[in-house]
Amino acid sequence: MEIQVWQAALFGLFACLASMPGLGGTVFGNYTLGRPLVAGLVVGLIMGDVQTGIYLGAAIQVVYIALVTPGGTVSADVRAISYIGIPLSIVAVHGMGLSPASPEGQAMAVTLGSAVGTLGTVLFYGTATVNLVWQHMGWKALEKGNLKKLYVVDMGLPWISHILCSFIPTFIITKVGVNMVDLMKAYLPMDGIAMKTLFTVGSLLPAVGIAILLKQVATKPVDLLTFLFGFTLAACMGLNLIAASVVGGFFAVINYRIKLLSMQKAAPAAALDAGTDGFDDDEEEI
Amino acid sequence: MAEKKLSKKALAKSFRNWYYGHLTCFSQEHMQTFGYLCAMLPLVEELYETKEEQKEALQTYSAFFNTEPQLGTVIVGMTAGLEEAKANGEEIDGEMINGIRAGLMGPVAGIGDSLLVGTLIPILLGVALGMSSGGSPLGAIFYILVYNIVLTLGMRFLYYKGYELGGKAVELIVGEKANAIRESVIMLGTIVIGAVAATWISITTPMVLPGDIALQTGVLDTIFPKILPLAAVMFCYWLMSKKKMAPTTVMLILVGVALVGVLLGFFDPQLSY
């Protein structure tokens, strides 16, 4: 399977739009185009194989379901996962004769996507570093009172950072990466330890994605039970994700009602407290 | 002198500049500062006549700014209101505006990261994954539409609420009722994530125990279905929350686990070209 020049160029363009300090904006860029599931659709359309794109994008999505970048630190970069990892996985899965719907095909995609994503961190720091130059120009302009220049600094010049750190790397790696698949086939037999490990890693990695998210939402041990409840709904009761969301929504509503009730109860009590103490220390969890 | 009032046009332009440009010129040194400057520029141009005054007003916003930018729209809206009041000669100065900005960016980042990035996005993606599980593009399209519509309307709402209500707008996101909603939404998110884990993580073992008992179907499945995926998640969770490991370190440990598992015959994808 080949990746044409125009296809590699389009991956490069989408990488510019979808990355974290990206040019598609946060909502439509990073959090939409950057999500592997959406990228699966985009890459699938570009390569003329939407179904494979979605299968593999969905598999990779699970690993990065909670890609939070607190305070601008990243452990993996979406432009690389989505627009380098997914095209290469499509090529790899087809090249090795795996079915994209099979656990093995998806494990292949997950391993490739995650490996590329980790490397992509360099692209993130690269972009942010080149942007320093434009910011420096921005401070000069502000000092001189050349205020309109700020627009160019904020929304125009960063394109240069992205051409350097998103477009060019994506273009080259997707164009050249195709050969890698043949190399792997030639040197790494499927029943060898290296390939077996690679596929096993692919099946284990989604657990990291889920755990990252769990760490974020589960603040007390009892929250793990909520997670286990959702897990049981799907694993033992066979509910699909939409059905599980409905059940989850129902419990969320009950929880909300209980919270409201306890607030109403607390209000008169707090008023009494205020009478004796002068103030009540409201518990604000932040 | 007539009271200065920001025009609809200037506010709309300010909102658009923030909506699109808050992170475009990101660097580790000044993360969302330039986005903030661009959001304030249309307002400052309208409120102050001379270049000197405009420049001085903008200086306020050249201080470092970084928060969860989507929820953080409420802060930008608030400062629009404050800047208007300041231009009308009320007792507000740049230092005070910056104090408010600096005080809010931490809490708003915490709430935004856990509510939007940690909960809303995973719920939507979870549902979308379900819709796309047969290789159908429907889930991806669903996510694109829902996320963009909800966030665009939501950010617009936050911006104008911030502008109208000023400090009271903070109640919208940190008030008691908001806390109750947030906690419930996070509960929904945790349940959905559990279901996503059970549906999308597929770890099995082909190992056969002495006496011809298949470990997977004969032992593990009878204890709890999908116990291996569950164990893997709990192991990673334990490494990250109790051992404070970075996700990348955990991924490397999994490579080690996979290698050992393959050598012991516990893992084997059983493939050939």
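**Figure 1. Surroundings of Leu41(B) in the predicted model.** Leaving aside neighbours within four places in sequence, Leu41(B) is in contact with Leu147(A), Lys148(A), Leu150(A), Tyr151(A) and Leu58(B). The coordinates shown here and in the following views belong to a predicted model. Leu41(B) is placed in helix 2 (residues 33–47) of chain B. With a relative accessibility of 0%, Leu41(B) counts as buried. Between Leu41(B) and Gln54(B) the C-alpha to C-alpha distance is 8.3 Å, at a sequence separation of 13 residues. Lys148(A), one of the residues in contact with Leu41(B), has its side chain in a salt bridge with that of Glu45(B), with an N to O distance of 3.1 Å.

**Figure 2. The contact between chain A and chain B.** To this contact chain A contributes 116 residues and chain B contributes 118 residues. The two chains bury about 10300 Å² between them, and 75% of this area lies on carbon and sulfur atoms. Of the area that chain A buries against chain B, Val27(A), Phe231(A) and Leu241(A) supply 7%, more than any other three residues. Three salt bridges are counted between chain A and chain B.

**Figure 3. The salt bridge between Lys196(A) and Asp268(B).** The closest N and O atoms of Lys196(A) and Asp268(B) are 3.6 Å apart, and the two residues form a salt bridge. This pair crosses between chains: Lys196(A) lies in helix 10 (residues 193–204) of chain A, whereas Asp268(B) lies in the segment after helix 11 (247–264) of chain B. Asp268(B) has a relative accessibility of 25% and therefore counts as partly exposed.

**Figure 4. Salt bridges within a chain.** Over all chains, the count of salt bridges comes to seven. In chain A, Asp223(A) is joined to Lys220(A) by a salt bridge whose closest N and O atoms are 3.6 Å apart. In chain B, the side chains of Glu83(B) and Lys86(B) meet in a salt bridge with an N to O distance of 3.2 Å. Both residues belong to helix 4 (residues 73–87) of chain B; because they are three residues apart in this helix, about one helical turn separates them. Glu83(B) has a relative accessible area of 0% and is buried.

**Figure 5. A nonpolar surface patch on chain A.** Ile160(A), Ile163(A), Leu164(A), Ile168(A), Ile172(A), Ile173(A) and Val176(A) make a nonpolar surface patch of about 580 Å². One of these residues, Ile173(A), is located in helix 9 (residues 158–187) of chain A. At 39% relative accessibility, Ile173(A) counts as partly exposed.

**Figure 6. The helical fold of chain A.** Chain A contains 13 helices and zero strands. Its pattern along the sequence reads α-α-α-α-α-α-α-α-α-α-α-α-α. Chain A has 286 residues, and buried residues make up 57% of them. Among the contacts in chain A with a separation of 6 or more, 73% are between residues 24 or more positions apart.

Figure 7. Chain B is divided into domain 1, spanning residues 8–194, and domain 2, spanning residues 203–264. The centres of the two domains, taken over C-alpha atoms, are separated by 41 Å. Where in chain B is Lys226(B) placed? Lys226(B) occupies the loop between helix 9 (215–223) and helix 10 (227–241) of chain B. Its phi is near 60°, a positive value in a residue other than glycine. With a relative accessible area of 33%, Lys226(B) is partly exposed. Lys244(B) is found in the loop between helix 10 and helix 11 of chain B. The phi of Lys244(B) is near 55°, again a positive value in a residue other than glycine. Lys244(B) counts as exposed, because its relative accessibility is 68% and the class requires a value over 50%.

Conventions:
Residues are numbered from 1 along each chain as its sequence is written. Chains are lettered from A and ligands numbered from 1 in the order in which they are written. This is a predicted model: local features need pLDDT of at least 70, side-chain atom pairs count only at pLDDT 80 or more; totals for chains, interfaces and linings use all residues. Side-chain values use heavy atoms; hydrogens and water are left out. Domain bounds come from an automatic or database domain assignment. A salt bridge is a side-chain nitrogen of Lys or Arg within 4 Å of a carboxyl oxygen of Asp or Glu. Helices (H or I, at least four residues) and strands (E, at least two) are DSSP runs, numbered from the N terminus. Buried means under 20% relative accessible area, exposed over 50%, partly exposed in between (1.4 Å probe, protein chains only). Patches are made of residues with over 30% relative accessible area and no salt bridge: like charges are joined within 9 Å, nonpolar side chains (Val, Leu, Ile, Met, Phe, Trp, Tyr) within 5 Å. Accessible areas come from the Shrake-Rupley method with a 1.4 Å probe; for residues, only the protein chains shown count as cover. Contact means heavy atoms within 4.5 Å. Buried area is the accessible area (1.4 Å probe) that two parts lose on being put together, summed over both.
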